Amino acid sequence: MKRATRRRLRGLVCTGLICVAGACGAFAYYALAEMPVASLPAQFSIRAGSGLRAAAGQMAEAGVLRHPEFFVLLARLMGQAANLKAGIYEIDRPATPVGLLRKITQGDYTLVGITLVEGWSFRQMRKALAEHPGIQQEIRELTDAELLRRLAIDQPSPEGWFFPDTYYFSHGTSDLRLLRRAHRLMKSHLEAQWDRRSANLPLSSPYEALILASIIEKETGKPEERSLIAAVLVNRLRRGMRLQTDPTVIYGLGAAFDGNLRKADLLADTAWNTYTRPGLPATPIAMPGLASLVAALNPAASEALYFVAKGDGSHQFSHSLGEHDRAVTKYQKSGRR
């Protein structure tokens, strides 16, 4: 072999080795570098039966993993491609891809959960957090005003600002951390739905939409009626009619409500009594779910102005006061005292 040919061959081999070394170095850096997770704690799930690519995709969708194709290669190189364990996981501190792989192959998903129920008031939510044995108590002695400051919520009340959902977390996670997660999720849903709202709604801000959604949540007995109830409330707001919804009165009565709403209660003026005051109440009256947020900002195409409960969870909707009076007579013969 000629000397020049040997030199070229050695050069190609050296270049190839340098490239391989560089690629190995870059991959090692990826495997051991902290992942840029948008916010911590971050939660994700690996569904039962998921293969390696599907699991990587699920983690990428949850925002905890970038470059899922590199993660797939890492798992294969480390011989862990078939060892994934389905479950719900949480990352509460910066992690590397190697650490993430170890977590999901060792089944490090010892999480507990709490369900914040659609339609709960903030008082009910605080009680559930306080009674959960797996939650560290940080807010027990805080007033609502102090809690708002700790969570950086610039509103007069915490009511309605936490998204109802099931939250999974490590044993010993603080109630403040869980509230922060629930608040971020509510803000995210509210902003997304506000951006998709119907035109010409009589609502001037996302907060007003949140208030309206909370009323819809408390008025709805059947999910398919949400958008119709929203239409009635929106139509009344447009016409300057008082909303006259019982749940707002009940919320204003607070602990004084004994389960029986009387005519006298409808006349007892509070900042939430929509029989005595025009427009929306002062604050939300409950935690609305996503369906109620959607309905508030995309009401049905209806001219109805009234509804009355039929007694089976559904409502009779009416376009005129005469229609409504007849429906009240039919479905609520006893009336109120």
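## The largest nonpolar core

In this predicted model, the largest nonpolar core holds 52 residues, and Phe162 and Leu203 touch the most other members. Several elements each supply at least two residues of this core: the helices α5, α6 (144-150), α7, α8 (206-219), α9 (226-239) and α12 (290-297), together with the strand β4 (166-170). Which of them gives the most to this core? The answer is α8, with eight residues.

Setting aside neighbours within four places in sequence, Leu203 is in contact with Trp194, Glu208, Ala209, Leu212, Leu237, Leu280, Ala296 and Leu297.

## The chain as a whole

Now step back and take in the whole protein chain. You can find 13 helices and six strands in it. Of its 337 residues, 42% are buried. The chain exposes about 17800 Å², and carbon and sulfur atoms supply 53% of that area.

Contacts tell you how the chain comes together across its sequence. Take the contacts between residues at least 6 apart in sequence: 66% of these join residues at least 24 apart.

## A cavity and its lining

The volume of the largest cavity is about 30 Å³.

Which residues line the largest cavity? They are Ile114, Leu116, Met125, Leu129, Tyr167, Leu178, Leu179 and Ala182. By type, the lining has eight nonpolar residues, no polar ones and no charged ones. Two helices, α5 (122-131) and α7 (175-195), each supply at least two residues of the lining. The helix that gives the most to this lining is α7, with three residues.

## A buried glutamate

Glu217 is part of helix α8. Is Glu217 buried or exposed? Glu217 counts as buried, because its relative accessibility is 10% and the cut-off for buried is under 20%.

What does Glu217 touch, not counting residues up to four places away in sequence? Its partners are Glu118, Gly119, Arg226, Met287, Pro288, Gly289 and Ser292.

Most residues other than glycine have a negative phi.

His67 is not a glycine, yet its phi is positive, at about 55°. You will find His67 in the loop between α2 (52-61) and α3 (68-77). With a relative accessible area of 42%, His67 is partly exposed.

Asn200 is a residue other than glycine with a positive phi, near 60°. Look for Asn200 in the loop between α7 and α8. Is Asn200 buried or exposed? Asn200 is exposed, because its relative accessible area is 69% and exposed means over 50%.

How values were computed
Residues numbered from 1 in each chain as written. Predicted model: local features only at pLDDT ≥ 70, side-chain atom pairs only at ≥ 80, totals over all residues. Heavy atoms only, no water. 1 Å grid on protein atoms, 1.4 Å probe; cavity = no way out; pocket = protein on both sides within 12 Å on 5 of 7 lines; lining within 4 Å. Points joined across faces, edges and corners; volume = space filled by probe spheres on them. Helix = DSSP H or I, 4+ residues; strand = E, 2+ residues; numbered from the N terminus. Nonpolar A, V, L, I, M, F, W, Y, C, P; charged D, E, K, R; others polar. Core = buried A, V, L, I, M, F, W, Y, C linked by side-chain atoms within 4.5 Å. Buried < 20%, exposed > 50% of the residue type's maximum accessible area, 1.4 Å probe, protein only. Contact = heavy atoms within 4.5 Å. Areas by Shrake-Rupley, 256 points an atom, 1.4 Å probe, with all protein chains shown as cover.
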